[in-house]
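Hi everyone, and thanks for making time for this.

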Amino acid sequence: MNLPANLKYTKDHEWISIEGDIATVGITDFAQKELGDIVYVEVETLDQTLEKDEVFGTVEAVKTVSDLFLPLAGEIIAFNDDLESNPESVNSDPYGAGWMIKIKVANMDEVEGLLSSESYKELIGA
């Protein structure tokens, strides 16, 4: 199971990379394996400010559709447009080319509530 130690994680299986007050968000390797072949990623919240744990989009796999939850409150400032033509990037490279959104974090104190890679491993039983 690929769980980079430099990232933060949520109980809803999103990963977060933070640089300054900008966070990049995607779904974990565990989540993409559970979902199966991803065929579509939808984010209609670009340029909106959302609260922590609000739904920011959906990911559609061959067998299911799953909501995506915002790990930190903030404004969604970017969507990975490459996912429109290559949603399978989420399966093949969830921590790289498969990133989903970037947010301008509203409250950096919320970062403390995220999981470390070790805590996330315990959550998923890895």
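Helices (H or I, at least four residues) and strands (E, at least two) are themselves DSSP runs, numbered from the N terminus.

Please keep in mind that this is a predicted model, where local features need pLDDT of at least 70, side-chain atom pairs count only at pLDDT 80 or more, and totals for chains, interfaces and linings use all residues. Residues are numbered from 1 along each chain as its sequence is written, and side-chain values use heavy atoms, with hydrogens and water left out.

First, the overall picture. The chain holds four helices and nine strands, and from the N terminus on, their order is β-β-β-α-β-β-β-β-β-α-α-β-α. The C-alpha atoms fill a box of roughly 35 × 35 × 20 Å along the principal axes. Of the 126 residues, 47% are buried, and buried here means under 20% relative accessible area, exposed over 50%, partly exposed in between (1.4 Å probe, protein chains only). Let's also look at contacts, meaning heavy atoms within 4.5 Å. Among those between residues at least 6 apart in sequence, 59% join residues at least 24 apart.

Now to β9, residues 101-105.

What about the faces of β9? In a regular strand the side chains alternate between the two faces of the sheet. In β9, Ile 101, Ile 103 and Val 105 make up the covered face, while Lys 102 and Lys 104 are on the uncovered one.

My last stop is Ser 116, in the loop between β9 and α4 (117-124). Is Ser 116 buried, exposed or partly exposed? Its relative accessibility is 29%, so Ser 116 counts as partly exposed. The side chain of Ser 116 reaches the backbone nitrogen of Ser 119 at 3.1 Å. Ser 116 also sits 5.3 Å from Lys 8, C-alpha to C-alpha, although the two are 108 residues apart in sequence.

How values were computed: A polar contact is a pair of N or O atoms within 3.5 Å; within protein, one must be able to donate a hydrogen and the other to accept it, and residues adjacent in sequence count only if both atoms are side-chain atoms.
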